[in-house]
Amino acid sequence: MFGIIPVWLDISNNMTRQIKAVSLISGGLDSLLATKVVMDQGVHVEGINFYTGFCVEGHTHAIRKKDRAKPKRNNALWVAETLGIKLHIIDVIEEYKEVLINPKHGYGANMNPCHDCKTFMVRKALEWIDHNEFDFIITGEVVGQRPMSQRKDTMPVIARESGAGDRLLRPLCARFMPETLAEREGWVKREQLLGFNGRSRKPQMALAKQYGFEDYAQPAGGCCFLTDEKYSDKLVDLWEARGNKEYEMDDIMLLKVGRHIRPAKNYKLIIAREEGEVNFMQGYRNRFISIKTLSHSGPLVLVDGDPSDEDLLLAARITARYSQCQQEEEVEMELCSPNQDTRLIRLKPLPVSEMPASWSV
Amino acid sequence: MANYELDATGLLCPMPVIKTQDRAQELNAGDTLVVYCTDPGAINDVTAWCRINGHKVLEARQVEERIIIKLEVMH
């Protein structure tokens, strides 16, 4: 087994330093392999992971009671630890809003602005390498693997529009891409880079086996809620009801939990589906009107929007319908305002037959 | 050498990791930081971040619903 020989850069006055690259680490197999391929050529690599708020990693598993006992690992951290590299996790929630609200290249099958998202992340990586005196950027993109951002025609656009240009290296499919700065300068050898292409993950899995990597995140797993149809429907519903595309972190989180019911444009109900969601949603009672059934067991419900008194009565009847009292003639409900003023009312649960399917978001 | 605390309760991962990372960058080698979290995943994620970035985990435990992680900044 040969050791890895570091690659050096002459900086000035006979001083040298090791060539350094930053790798976009999503936590998936491709970013793991792309990083390893470059590390094996003697380049110092550190990882970078951008947190948009829409990452699938972690969140709902920390909310649902059945998942709290076995927390899911953060795959980006796992990749970094497996490779023995530093990982910088950057909060880009605020900046990402413009990407999501106004993507130049539009959305994919759902509300996923993948092309603009990748351009944004590469641009942020470029800012990072310039600030930290690194030399180039690595991504695990593979030409032909994803329908929006990883196509032969879109990948050069991403490199150009991000500003990274030839400082962006895609080691897994470099043989299909124009030569980059790292290759021209001899920092990496093109013949030791790869020519993966297409949607099959078999080449990556074979390479992982060769490296001895096991227990990596399953390939082709969705890493972003915006690719999820149901989540996207709820996001669009939120924007349409509000009449604008603004959102806060709490909105992103609440779209991931509960059953969302919209009886009218001016309000919707978020109905907790299990104990973990009840506990999570308790934290929002100082922001929303909340409803719960007092006389029977039932979920916590948050009311998002601007309901009238008549709307709140309907909301309470819907809450009762999801409680253990659907057949009762009269149940006792508590309505609580954000400033904790409470009102008790008695009413009849709404029959299922009076709940149109169109109310479900 | 100074001792600091970080309240990351109510935050879901990776926010406890990000907050720990950002706070640790402001501290000096030898300083300690106690991070309080409520996301059960934080006990794995924050300690993994420490290992990856070369900081020493002095303590990591769960007391009822609270996760308490004490780390020493190494650089």
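Modeller: What follows sets values against cut-offs, one label at a time. Keep in mind that this is a predicted model.

Colleague: Start with the overall picture. What makes up the secondary structure of chain A?

Modeller: Chain A has 13 helices and 13 strands. Its C-alpha atoms fill a box of roughly 85 × 40 × 40 Å along the principal axes. Of its 361 residues, 43% are buried. Among contacts between residues at least 6 apart in sequence, 64% join residues at least 24 apart.

Colleague: Why is Leu344(A) called exposed?

Modeller: Count its neighbours. Leu344(A) has 9 C-beta neighbours inside 10 Å. The label exposed applies at 12 or fewer. Leu344(A) therefore counts as exposed.

Colleague: Where is Leu344(A) found, and what does it touch?

Modeller: Leu344(A) belongs to strand 13 of chain A. Leaving aside residues up to four places away in sequence, Leu344(A) touches Glu332(A) and Glu334(A). Asn244(A) is 100 residues from Leu344(A) in sequence, and their C-alpha atoms are 34 Å apart.

Colleague: Strand 13 of chain A also packs against buried residues of helix 13. Which residues of helix 13 are buried?

Modeller: Ala315(A), Ala316(A), Arg317(A), Ile318(A), Thr319(A), Ala320(A) and Arg321(A) are. Besides strand 13, they pack against elements including strand 8 (259-264) and strand 10 (289-293) of chain A. Helix 13 has 13 residues and reaches 19 Å from first C-alpha to last, close to the 18 Å expected.

Colleague: How do you know that the length of helix 6 of chain A agrees with what it should span?

Modeller: Helix 6 has 19 residues. At 1.5 Å a residue, they should span 27 Å. The end C-alpha atoms are 26 Å apart, which agrees. Just after the helix, Glu133(A) takes a positive phi of about 55 degrees.

Colleague: What covers the buried residues of helix 6 of chain A?

Modeller: The cover includes strand 3 (20-24), strand 4 (44-51), helix 5 (93-101) and helix 7 (155-162) of chain A. Among the buried residues of helix 6 are Cys114(A), Phe120(A), Met121(A) and Leu126(A).

Colleague: What is the angle between helix 6 and helix 7 of chain A, and what is it called?

Modeller: They pack at about 45 degrees, with their axes 8 Å apart. Angles under 35 degrees would count as roughly parallel, and roughly perpendicular starts at 65. That makes helix 6 oblique to helix 7. Their crossing is right-handed. Residues of helix 6 that meet helix 7 include His115(A), Val122(A) and Leu126(A); Ile158(A) is one of those on the helix 7 side.

Colleague: Why are helix 1 and helix 9 of chain A called oblique to each other?

Modeller: Helix 1 (residues 29-39) and helix 9 (residues 202-211) pack at about 55 degrees, with axes 10 Å apart. They are therefore oblique. Helix 1 passes helix 9 in a left-handed crossing. The contact involves residues including Leu29(A) and Leu33(A) of helix 1 and Leu207(A) and Tyr211(A) of helix 9.

Colleague: Last one. Which residues have the most contacts inside the largest nonpolar core?

Modeller: Ala21(A), Ala80(A) and Ile137(A) do, in a core of 77 residues. Helix 6 of chain A gives the largest share, seven residues. A second, separate core has 37 residues, including Leu238(A) and Tyr322(A).

Colleague: And what does Ala21(A) touch?

Modeller: Beyond residues up to four places away in sequence, Ala21(A) touches Val38(A), Val43(A), Val45(A), Phe134(A), Asp135(A), Phe136(A), Ile137(A) and Ile138(A).

Key. Residues numbered from 1 in each chain as written. Chains lettered and ligands numbered in written order. Predicted model: local features only at pLDDT ≥ 70, side-chain atom pairs only at ≥ 80, totals over all residues. Core = buried A, V, L, I, M, F, W, Y, C linked by C-beta atoms within 7 Å. Buried ≥ 20, exposed ≤ 12 C-beta atoms within 10 Å, placed from the backbone. Helix = DSSP H or I, 4+ residues; strand = E, 2+ residues; numbered from the N terminus. Contact = placed C-beta atoms within 7 Å. Expected span 1.5 Å × (residues − 1). Axes fitted to C-alpha atoms, helices over the stretch in contact; angles between N-to-C directions. Parallel < 35°, antiparallel > 145°, perpendicular 65-115°, else oblique. Left-handed = near helix turned anticlockwise from the far one by under 90°.
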